[in-house]
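Here is a short briefing to read alongside the sequence and the model. Please keep both in view as you go through the points.

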Amino acid sequence: MTESMVLLLERVSKAFLAKSELGLREAANDAIAQAAFENDSKKAEIAVISYSLGKLLSKAHFQRSKNWPRVADSILREINEAVSLARSDEFGLLEKKLSSVVSTVAKVDFEFGNYWQNLIEKARVKQASSAYALGLSLSQACGLTCCDKQALFNYIGFTKMHEETPVLKNISERVDRLKELLAEKKP
Amino acid sequence: MTTIVFDSSVLISITEKCFLKILQRLHHQHGLRFVIPQSVFEEAVHHPESIRRFELNAVRLKQAVMDRWIEVIPQSDALRSLYAEFAELSNNSFFVNEKPLQLLQAGELEALAVFKSLNADALAIDERTCRMMLEDPYRLQSLIARRMDRQVQTDSSRLKKLSDLLGRPTVVRSCDLLALAFSEKLFEGELSQSKQGLEAALWSVKFAGCAVSGIEITDFLRSV
């Protein structure tokens with residue numbers, strides 16, 4: 001697990017340094033898939049961080065800010081510290097470090113962002129949606145990513161993932177079954 | 001009395017789209033008993049009460065509980081024991097690389113425990129994974145394998161135990177409850193009692209997250 005965690009964090013660090021939105025998106029996808037297989041909340045947090053950093057890079061008004069180079073340096077330093085902690089199996093400290101990166105991104109977003117729903121919340125919804133798409137239940141996907149259930153469910157509604165879900169019983173069959181139940185237990 | 005146990009996903013779809021009144025009419029019309037586990041109340045009322053975006057839905061649901069047409073089942077030792085049993089079975093039945101996949105969590109597991117303890121008649125679940133695990137776990141296995149692009153193994157003895165414990169539960173979604181309400185003319189006064197009213201209602205719960213496909217809705221509407 002340590003090695004895969006280090007590899008993920010290194011990919012996030014390299015992609016952020018290279019300003020690669022695609023690299024960050026791909027690292028997020030791999031991190032959430034591993035998190036779902038292993039029920040690993042730290043990897044889910046890495047997915048949230050990687051996705052939100054990609055979003056930060058995509059916003060021109062963030063990049064144009066005179067504070068951006070300082071902010072970017074500070075985020076990169078924290079991610080590299082997380083790499084070191086993962087390498088030395090300091091998982092308690094790693095967890096705190098990941099929370100600190102999340103707080104830094106949230107602060108940047110609060111300062112420069114334009115929406116009530118912050119970037120970290122959006123990243124949690126996106127990663128939880130990926131976990132649900134992989135097969136986890138709604139509660140498990142939310143628990144893994146610390147995502148709000150209602151926010152996730154509303155997001156899922158606008159994706160096409162339920163189009164691929166096999167129809168085990170259709171609406172008519174379920175309604176007929178309900179009617180049978182009601183008839184059986186009629187007072 | 002017919003008892004239906006709700007998990008939070010159905011409540012989210014129903015309250016999000018303002019269909020609580022229609023659900024209440026179903027309750028009155030048939031003397032249905034609607035119950036939710038304590039954890040679902042926490043998730044659907046307590047937690048969102050403090051989030052401005054979701055506060056309205058929480059307030060609506062809280063009122064339904066205060067008006068006593070939705071009943072909260074408190075935690076108990078018997079429920080905790082059933083919960084642990086369902087957690088052990090459901091989260092050790094699917095494997096990738098010999099590691100068990102943790103598929104379900106508190107929301108769904110408590111709904112299963114309450115369903116079993118009350119010997120209830122139906123489970124109302126809008127999310128896909130728990131419903132498929134109960135209705136056809138091997139189709140769920142194929143779905144996960146395809147989505148994860150990995151081999152997924154199952155422990156058939158655990159799946160059988162799960163099935164034996166629950167029997168073959170009737171599972172319904174918010175769209176099915178709305179279709180039932182429509183067939184009993186319970187839309188009147190709330191929404192147009194017309195095919196268009198039904199169509200709008202079904203698509204709205206789909207867009208609120210209910211696991212139903214567009215094709216399924218279209219096919220159903222053809223038969224109405």
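Of the contacts in chain A with a separation of 6 or more, what share comes from residues 24 or more positions apart? The share is 63%. Please bear in mind that this is a predicted model. The points below take chain A, its interface with chain B, the charged pairs, and then chain B.

**Chain A on its own**

- Chain A has 10 helices and 0 strands, and its pattern along the sequence reads α-α-α-α-α-α-α-α-α-α.
- The C-alpha trace of chain A spans about 70 × 40 × 30 Å along its principal axes.
- Chain A has 187 residues, and 53% of them count as buried.
- Within chain A, the side chains of Glu10(A) and Arg87(A) form a salt bridge, with an N to O distance of 2.3 Å.
- Glu10(A) belongs to helix H1 (residues 2-17) of chain A and Arg87(A) to helix H5 (residues 68-87) of chain A, so this pair ties together parts that are 77 residues apart in sequence.
- Glu10(A) is partly exposed at 21% relative accessible area, while Arg87(A) counts as exposed at 51%.

**Where chain A meets chain B**

- The two chains bury about 5000 Å² between them, and 57% of that is on carbon and sulfur atoms.
- Chain A brings 44 residues to the contact and chain B brings 68 residues.
- Across this interface there are 24 residue pairs in polar contact, counting pairs with both residues at pLDDT 80 or more.
- On the side of chain A that touches chain B, at least two residues come from each of helix H2 (21-38), helix H7 (119-134), helix H8 (138-145), helix H9 (149-157) and helix H10 (171-184) of chain A.
- H10(A) gives the most to that side, with 9 residues.
- Sorted by class, the side of chain A that touches chain B holds 19 nonpolar, 14 polar and 11 charged residues.

**Charged pairs across the interface**

- Side chains of opposite charge can pair when their charged atoms come close.
- The whole structure has 25 salt bridges over all chains, and the count between chain A and chain B is 7.
- One of the salt bridges joins the side chains of Glu121(A) and Arg53(B), at 3.7 Å from N to O.
- Another salt bridge pairs Glu163(A) with Lys206(B), at 2.6 Å from N to O.
- That pair crosses between chains, from the loop between H9 and H10 of chain A, where Glu163(A) sits, to helix H11 (residues 195-207) of chain B, which holds Lys206(B).
- Glu163(A) is partly exposed at 33% relative accessible area, whereas Lys206(B) is buried at 5%.
- Arg174(A) and Asp176(B) also meet in a salt bridge through their side chains, at 4.0 Å from N to O.
- Arg174(A) lies in helix H10 of chain A and Asp176(B) in helix H10 of chain B, so this pair joins two chains.
- Arg174(A) counts as buried, at 1% relative accessibility, and Asp176(B) is buried too, at 0%.
- Salt bridges that share partners link Lys169(A), Arg174(A), Arg131(B), Glu135(B), Arg173(B), Asp176(B) and Glu216(B) into one network.
- Arg131(B), a member of that network, is found in helix H7 (residues 128-135) of chain B and is buried, with a relative accessible area of 2%.
- Beyond neighbours within four places in sequence, Arg131(B) is in contact with Arg174(A), Ile125(B), Val171(B), Arg173(B) and Ala211(B).

**The two domains of chain B**

- The domain assignment divides chain B into domain 1 (3-75 + 172-223) and domain 2 (77-117 + 131-168), with C-alpha centres 25 Å apart.
- Contact between the domains involves 14 residues of domain 1 and 10 residues of domain 2.
- About 960 Å² is buried between the domains of chain B, with 60% of it from carbon and sulfur atoms.
- On the domain 1 side, Val5(B), Pro37(B) and Gln75(B) lose the most area to domain 2, together 49% of what that side buries.
- Between these domains there are 0 salt bridges and 3 residue pairs in polar contact (both at pLDDT 80 or more).

**Helix H2 of chain B**

- In helix H2 (residues 20-30) of chain B, the buried residues include Leu20(B), Ile22(B) and Leu23(B).
- Buried residues of H2(B) pack against several elements of chain B, among them helix H1 (8-16), helix H4 (55-66) and strand S3 (70-73).
- Gly31(B) follows H2(B) and has a positive phi, near 60 degrees.

Technical notes
Residues numbered from 1 in each chain as written. Chains lettered and ligands numbered in written order. Heavy atoms only, no water. Contact = heavy atoms within 4.5 Å. Buried area = accessible area lost by both parts, 1.4 Å probe. Polar contact = N/O pair within 3.5 Å; in protein donor to acceptor, adjacent residues only side chain to side chain. Helix = DSSP H or I, 4+ residues; strand = E, 2+ residues; numbered from the N terminus. Nonpolar A, V, L, I, M, F, W, Y, C, P; charged D, E, K, R; others polar. Buried < 20%, exposed > 50% of the residue type's maximum accessible area, 1.4 Å probe, protein only. Domains from an automatic or database assignment.
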